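Biologist: I'm new to this one, so please walk me through it slowly. Start with a term I'll need.
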Amino acid sequence: MLYRTAGQFKTSYRADQALFPIKQDSFLLGIILICAWVVFPLTASEFTFQTILTPILIYSLAALGLNILTGFAGQLSLGTGAFMGVGAYACYKMITLMPWMNPVIAILLSGVFSAGVGVAFGIPSLRIKGFYLAIATLAAQFFLVWLFEKWSWLYNDNASGAIQVPNLDMFGLYVAGPQASSITQYYLVLIIVSLLTYVAINLTRGNLGRTWKATRDMDIAAELIGINLMKSKLTAFAVSSYIVGVSGALFVFMWRGAAEPNLFDIPLSFRVLFIAIIGGLGSIMGNYLGAILIVGLPVVLNTVPAALGIHIESALVEHLNIMIIGSLIIFFLIIEPHGLAQLWRLIREKLIIWPFPH
Amino acid sequence: MSVPAGPYLTEDGRQIGDVLMEMKNITLKFGGVVAIKDISFDIREGEIRAIIGPNGAGKSSMLNVISGFYHPQEGEVWYKGSVRPAMKPFEVARQGVGRTFQNIALFEGMTVLDNVMTGRLTHMHASVWDQAIWWGKAEREEVFNRDQVEKVIDFLEIQAIRKTPVGRLPYGLKKRVELARALAAEPSLLLLDEPMAGMNVEEKEDMSRFILDVNDEFGTTIALIEHDMGVVMDLSDRVVVMDYGKKIGDGTPDEVRNDQAVIDAYLGVPHE
């Protein structure tokens, strides 16, 4: 009843292919946007910003990048963490070499470097697919992390081997570094994430998106109807690595504040891959749902039992978290391979015909 | 009975033009196996050309040579009056050769509409930047091509399923969607690899009607492989018969039907 679509007729193809052809969807999106832009920032505490809001956005963006490659173009990648690292190190070098540079521009440009690296490591995808390609991207993962460690120019010969985000200001307002406030950083992340999500939606619903999906579903048929597979796969690598790189720069500059090479090691890649899988491969919204679950679950496990008066040791919380996420991944792979996004789609279909199921 | 050398009108009034594609002495080998041995034939503008033959005769290989998937070791492919250099399949498709597949090769994760829209991609030119911004060029192009796609969807009577994911469709409809995807590209030459395979009589009648209508309305040249002899003889203007990689007959359906070599190939005679 609440979700009834009857009577919403389209009289032009433009209206029919609108992003949200159903009124209720736009309404729901409006509520979510108001929450993200107004309600959360006004009510959130420092703790909430640092443990929930900002990391959810950044992980969503990383998963979005991976999802374009794996979910839309069908090229499995295990190198996400390293590509995030490329973005972070590129941003660090730009900021330290050119301190006059606007931090937001630097963050957006750092994606260009990771896009370049991503395309280079995507070249094997022209010959190999599936697991074998995953292994090739795994090589990128190990090689790049090794490079972050050994190439001291990357971290300005810092004795600790880590990169430290300096205080950066934009129009007199600190946006990164120890002096920046969480709310400023949250808004910056939100702006960049919203912008890139909009771009990703447009790319995936248009001609390029269909080219990617055709490559994913049946590459031989795709080539025989006129798709240049090389171009299709490499654009997917480029767009995906760009978004992943920007998320890596945000990860360090807007959230962590500092990074060692092993931060970008394989656990990060897997974390992002889990978000994409649990959220739903081939879906944009799924990345947000997956990130909310993966980032939010440990926080919930930490705070809810304490609030209820049950005492759980922090080591146990850590183990519980791993066990729950592990079983969720198995659950989703078996029961609903299309993830949380598909669950929402099914609920929506049910809601549309509710309360008369026939 | 045989067809004239130049352009002519068929009995039912369709215009047949000059040679669109000509295969000259094609030989295709896979290692020591000779799949196609020194075959020559031509396809003329506006005609329906059938390629028939027993299983393993090399028909599908021939179609794959035409669509650029296989590269013959010997021989030349002439297209629109010039020799076609060795090119990738997607370049051949962009030159106006569309095709369907023997085993349905649709993009299962996409809706019918998206599948058919994918067929239009050779007509879409908005850059990545235009598409990222969407407003303006990309959207105009999308709407224009949607309009073209809807014409094909109307033509093939699949309006009701346009937003259904292809994976949910029954076999007969999938075949039709595949034809729609190929047609959306507005090909000058349409290759159909066993369009009736696995269909019942009713579906075959539908498909035959669509093939004739496509040829009639759009003037699309069609080359098809089919095992149902009734269909082949009724639909096609000329027939190439292959057996063991060799051409054993070429001509109008009547000529082919009465050819002793063809009869032998189909009924089976001992090979010396």
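Modeller: A residue is buried if 20 or more other C-beta atoms lie within 10 Å of its own, exposed if 12 or fewer, and partly exposed in between, with C-beta atoms placed from the backbone. Helices (H or I, at least four residues) and strands (E, at least two) are DSSP runs, numbered from the N terminus. This is a predicted model: local features need pLDDT of at least 70, side-chain atom pairs count only at pLDDT 80 or more, and totals for chains, interfaces and linings use all residues. Residues are numbered from 1 along each chain as its sequence is written, while chains are lettered from A and ligands numbered from 1 in the order in which they are written.

Biologist: OK, helix 3 of chain B: how many of its residues are buried?
Modeller: Eight of its eight, so helix 3 of chain B is mostly covered. Among them are B:V112, B:D114 and B:M117.

Biologist: And what do those buried residues pack against?
Modeller: Helix 8 (207-217) of chain A, together with helix 5 and helix 6 (171-184) of chain B.

Biologist: Chain A again! How many residues of chain B are in contact with chain A?
Modeller: 32 residues of chain B are in contact with 24 of chain A; contact is when two C-beta atoms, placed from the backbone, lie within 7 Å.

Biologist: Which helix of chain B gives the most to that side?
Modeller: Helix 5 of chain B, with five residues. The side of chain B that touches chain A divides into 18 nonpolar, six polar and eight charged residues. Ala, Val, Leu, Ile, Met, Phe, Trp, Tyr, Cys and Pro count as nonpolar, Asp, Glu, Lys and Arg as charged, and the others, Gly among them, as polar.

Biologist: Switching to chain A, how many helices and strands?
Modeller: Chain A has 14 helices and four strands. Its radius of gyration is 21 Å, close to the 21 Å that the globule rule gives for 358 residues, so chain A is as compact as a globular protein of that length. That radius is taken over C-alpha atoms, and the rule is 2.2 Å times the number of residues to the power 0.38. Of the 358 residues of chain A, 44% count as buried.

Biologist: At what angle do helix 11 and helix 13 of chain A pack?
Modeller: Helix 11 (residues 266-279) and helix 13 (residues 314-335) of chain A pack at about 45 degrees, with axes 9 Å apart. Axes are lines fitted to C-alpha atoms, for helices over the stretch in contact, and angles run from 0 to 180 degrees between N-to-C directions. That makes helix 11 of chain A oblique to helix 13 of chain A; under 35 degrees is roughly parallel, over 145 roughly antiparallel, 65 to 115 roughly perpendicular and the rest oblique.

Biologist: Which residues meet there?
Modeller: A:F274, A:I277 and A:I278 in helix 11 of chain A meet A:I325, A:L328, A:I329 and A:F332 in helix 13 of chain A. The tally is seven nonpolar, no polar and no charged.

Biologist: What about helix 3 and helix 12 of chain A, at what angle do they pack?
Modeller: About 140 degrees, with the axes of helix 3 (residues 46-72) and helix 12 (residues 285-307) of chain A 8 Å apart. That makes helix 3 of chain A oblique to helix 12 of chain A. The residues of this contact divide into 12 nonpolar, six polar and no charged.

Biologist: Last one: is A:Q8 buried or exposed?
Modeller: Exposed, with 11 other C-beta atoms within 10 Å. A:Q8 sits in the segment before helix 1 (13-16) of chain A, and A:Q8 touches A:I22 and A:K23, not counting residues up to four places away in sequence.
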